[in-house]
2 protein chains.
Amino acid sequence: MDFLDEPFPDVGTYEDFHTIDWLREKSRDTDRHRKITSKSKESMWELIKSLLDAWSGWVVMLLIGLLSGTLAGVIDLAVDWMTDLKEGVCLSAFWYSHEQCCWTSNQTTFDDRDKCPEWQKWAELMTGTSEGAGAYLLNYLLYVLWALLFSFLAVSLVRVFAPYACGSGIPEIKTILSGFIIRGYLGKWTLLIKTVTLVLAVSSGLSLGKEGPLVHVACCCGNLFCSLFSKYSKNEGKRREVLSAAAAAGVSVAFGAPIGGVLFSLEEVSYYFPLKTLWRSFFAALVAAFTLRSINPFGNSRLVLFYVEYHTPWYMAELVPFILLGVFGGLWGTTRLGRYPVLEVVGVAGVTALLAFPNPYTRRSTSELISELFNDCGALESSQLCDYVNSPNMSRPLDDIPDRPAGPGVYTALWQLALALVFKVVVTVFTFGMKIPSGLFIPSMAVGAIAGRMVGIAVEQTAYHHHDWIIFRNWCRPGADCVTPGLYAMVGAAACLGGVTRMTVSLVVIMFELTGGLEYIVPLMAAAVTSKWVADAFGKEGIYESHIQLNGYPYLDVRDEFSHRTLAADVMRPRRSEPPLAVLTQDADSVEEVEALIKGTDYNGFPVVVSRESERLIGFVGRRDLTLAVKTARQKQEGVVSSSLVFFTEDPPPLPDDPPPPLKLRRILNLSPFTVTDHTPMETVVDIFRKLGLRQCLVTRSGRLLGIITKKDVLRHMAQMMDQDPESIMFN
Amino acid sequence: MDFLDEPFPDVGTYEDFHTIDWLREKSRDTDRHRKITSKSKESMWELIKSLLDAWSGWVVMLLIGLLSGTLAGVIDLAVDWMTDLKEGVCLSAFWYSHEQCCWTSNQTTFDDRDKCPEWQKWAELMTGTSEGAGAYLLNYLLYVLWALLFSFLAVSLVRVFAPYACGSGIPEIKTILSGFIIRGYLGKWTLLIKTVTLVLAVSSGLSLGKEGPLVHVACCCGNLFCSLFSKYSKNEGKRREVLSAAAAAGVSVAFGAPIGGVLFSLEEVSYYFPLKTLWRSFFAALVAAFTLRSINPFGNSRLVLFYVEYHTPWYMAELVPFILLGVFGGLWGTTRLGRYPVLEVVGVAGVTALLAFPNPYTRRSTSELISELFNDCGALESSQLCDYVNSPNMSRPLDDIPDRPAGPGVYTALWQLALALVFKVVVTVFTFGMKIPSGLFIPSMAVGAIAGRMVGIAVEQTAYHHHDWIIFRNWCRPGADCVTPGLYAMVGAAACLGGVTRMTVSLVVIMFELTGGLEYIVPLMAAAVTSKWVADAFGKEGIYESHIQLNGYPYLDVRDEFSHRTLAADVMRPRRSEPPLAVLTQDADSVEEVEALIKGTDYNGFPVVVSRESERLIGFVGRRDLTLAVKTARQKQEGVVSSSLVFFTEDPPPLPDDPPPPLKLRRILNLSPFTVTDHTPMETVVDIFRKLGLRQCLVTRSGRLLGIITKKDVLRHMAQMMDQDPESIMFN
């Protein structure tokens, strides 16, 4: 008769745009684990099944690592090819990028690896000549047209097939990891469309990066593999452990920085990050990085994206410009990014391409630009940025070049960089937040790197021309190595990235995994900490938090300090003027009354009390479970009618003669609801909500039920205390 | 009349060997913060005070960084000098170490930087000759005598002045950070004696490292500076935030690895590690590393302790030996270290010195040994380990030497290394756990590095002699670079360190901050994960956890999964057979009765109920606070006698005519005690204890108080469930 003893579908699941109950998920997983362990003693097969179950976490990690590494490699290759397609085509094989084309060519000389007859610019291919204004204009036109085409394709695909594929996805992933349900956000379609449109968007030359979206892509992979194992697909808490690790794998492949990825996931994205997840993330990040390295999209078998090798140590006095760069980064972090989502993507892409083409520093891809800016000027460097006047007596080894006066190329580069800086700043502000996949890491790094390189050259030339000044006297003797402008670019990039995201430790780790520059931890740390302080002083929140707020997601930030003197009694509902709390009694309500209660309210659950008079709490029952249970009972359990009694006790209550069969619902009753007293300070309540991941909490006074506090109530109260609009919290 | 409105001393403090209540500490800090904020609006001076208060955290971090960096530098220099003192003395200035002596000498040639006339071995100084068996024996004797002297001094100082200075201190620091009080463990005397005896112990040549103890030293610094600010000295929770950061600074200076330090603190040591602490730790670690770099004890202005530069990439097939080294490291981690504390330190030091002197690989300091083992054999390398047979046609650049057959020196080195391995293993097992400051990091790394180097040489020679084997064919063509034995040493060191401590992410970060070998993340990660798996499969616990258990500290490990099907009702006290719970009523007990209750029980606190009949919970009062309050009231409040009523309500209860003045104790009553229902699964209770850092938790059923669960009850229950002796948990 007790139909609830058999599991019935959907009990224990959540509705879309609702918050999960971490404690319940955790205890459901322990139940499952216990069952498997006790069964494993029964037979060999069950033992094998339990072992498989124990290892499934590592298997999922392996799969995530493999797939996200592969996808990242494919995206890298495709972006490379399509970016070059805007300029020309490879005659020997059209699917080769410029570099691959000339690499496979036999007619390339070492000095000019970029030029080979197989690679033809569009004008050359069409008109036969690559010289003159006509050819330039034709190339210009085709560059813009390709950009328009790519961006049009990207925006259309996103709009038609997967609206969730736009943006970087990190704010939403943060929210999901904190326990929110957004169905489809990590689905197969999102994965597919995001991958394709990411390639298109980056190739179109828009000022956006692929790094943030790669985190989203990796999380989609994680979600995909979760569905293979019931351990993860049926438990929203366990699923989030996998997603945290997937985020780490995403950053790992985005930057070739496995450890930075784990730290990013820990510091920036994750909410619940037990040590077990730390180790698994580490493994996933490792496999992902390794897979990417095997695909080898950069052709240098290195994991390192912007490998640098500086030969000069840095000096104490240089901390001043580094800290200034930190301030600049902090200010960049306070820019109101992503507030212009209405602009037409294709239009922005067109304008970007039009303005980008004439300046060599904006025409090339942003990662190439950053790579050049980070570079130290060795003797073999042919870049314009390295056009220094050589001193006549060069008797030193090639890689140890003293400071020299800047040549005309450097001065040209300087004003081109200044223009590029203005362009990047303006364009990035308008690009981020558009309805296409777009990351902020690389554009921010580019802004910082440009500013940093300019500062670096300025310091270098000042030091060269004034090496008798007191501050330069000790470390800048004439003919000696002194200032490395590339290092300034690196520090500037770190500062801007830090300002936007407010990362610190993970930022420094990513930067030195990205560049291999282990000696420069102190400058990087100084810049990161300064930029965080400055940005915090001005802007209060990082880009992800501000986007979460903009969207009204119920995100309880672990970083916000709650220090107001309010008590649980001030926040709980019902308020004084409101009708009393909607409760159920343990054995006195009929099916009809329960249904009326469900219909008449929209609460997510109801406390169950001994009786309405004593108000002594027994447990808590969720709305979804209750609705499902009553509905199923009406359909399947014989004789259950409107007047049937609903009881939550162990044994049925004493019934009148010839009663309709009662409905036993103890199975769906949560017998350990979380309670606090009405005198509990709200700061403790906030702490409990954060640390235990509660959905709601009941308020009692000397054993009597007084009210309820939900996560939404907490968030609204916090918003109110910070003089924000409490109605900005939209979901529960 | 209400004397408790004024703060009176010691309310809210804890007794020695007791656990703190994190929630209470946190809410006390919020109160304090609130007071300062509201006062800050009153006057300029209060505003400045509030700003100073806000910045005091960063100031403490700065001070910790400066002091621990300085201490680490001084220790490094002193160890260097005293280690060399065992061999000889510098004639030009006796306080110079061997290296410094010859560095300042004018008569040193470049080829033989180690030999200069100013540095004299003892035999040379005493007898005038450094040749012959007599001189050798004299040197041997003095080496052993110095070792005996140093170790005797170390052990005496520890025994007489600061018994807490022994060991690495990390297990105790873990316990303290989890909320336990051990008075004096981080005191000034411990700091002083630990610093001095650490130098003595390391210099005596015992197989121990200074890295672990440096964490203790840094934490002592942290505790010292806490006492400067009432924000930290009066709040045990805030103090622990500072200590977590101090631990990071300690590792930062121990290895020159600031980021590794932060991760070590996060992964291995800390219990409560909010993001704010992450940033502060980062800052402290940065300052500490920077201070150490300015002192520059290694004389190379690098932060990097064992800088390596390898020129060969690693190959997939090499993962097999790397994983084998991981297995070896895991096995090393299961060694029962530190279980022989009764052995006489001086005896062990004597035996160590006697056995160490004849073998060149054990005579030198362990860090020098590791450094040599990590080294790649460049062309200029004069080490015995680099005695390869040179091929006749050497037309390559100097730093790119192909694989060559091993010469006789390598074979000699191999058996010396084998002996050194056995020696190190045996000696380390007996050394760790003795009553002197001793760390395990460096000895473990040495064991791993020796094993790794031997495996590396074996693989290299196999590859050289059999380069036609399938596995070697692709990557080991004759005349090409192929295997780097130094890399194997590095991987082996990481594996052994990982096996002992079970670190993963922080281990890899420390290893590559230590060596600068960013390219080798994957091998390091593979070894770290393997060694962790193997050690976990065999030994269950890392060295720190097993020492915590050995000492019976109440440490609730976040890593232990609790998956048994017990309920709060099964763990709570009183058990069925026991007398009922000792409670106070809100307004019906007299001073006499309260005193009798305090005297008759040894509980840490008492629940307060409405009445003994209704059993409805009002709050919780701590034993220490209650004792102090009653005692103070007896002394200071007029008319309080044994028959005075004690009441916890807002207003005094109705009293009979001419009563003795009642005693109002609402001020010390915790009105928001933590409660769970008796049906709450123990896994949830354990989770709550862990995450909220509770000391006790009350158990109710439908609003009635049933019992109490303390941290000790939880730990005992967990021990029982894991078939361990519940009596091993000694403190509450």
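## A salt bridge between the chains

B:Lys26 is partly exposed, with a relative accessible area of 30% (buried means under 20% relative accessible area, exposed over 50% and partly exposed in between, with a 1.4 Å probe and protein chains only). The model is predicted, so local features need pLDDT of at least 70 and side-chain atom pairs count only at pLDDT 80 or more, while totals for chains, interfaces and linings use all residues. Side-chain values use heavy atoms, without hydrogens and water, residues are numbered from 1 along each chain as its sequence is written, and chains are lettered from A and ligands numbered from 1 in the order in which they are written.

A:Asp687 forms a salt bridge with B:Lys26, the closest N and O atoms being 2.9 Å apart (a side-chain nitrogen of Lys or Arg within 4 Å of a carboxyl oxygen of Asp or Glu). The pair joins two chains, because A:Asp687 lies in helix H27 (residues 682-692) of chain A and B:Lys26 in helix H1 (residues 22-40) of chain B; helices are DSSP runs of H or I with at least four residues, numbered from the N terminus. At 3% relative accessibility, A:Asp687 counts as buried.

## A salt bridge within chain A

A:Asp29 forms a salt bridge with A:Lys238, with 3.8 Å between the closest N and O atoms. This pair links distant parts of the chain, A:Asp29 being in helix H1 (residues 22-39) of chain A and A:Lys238 in helix H10 (residues 236-255) of chain A, 209 residues apart. Both A:Asp29 and A:Lys238 are buried.
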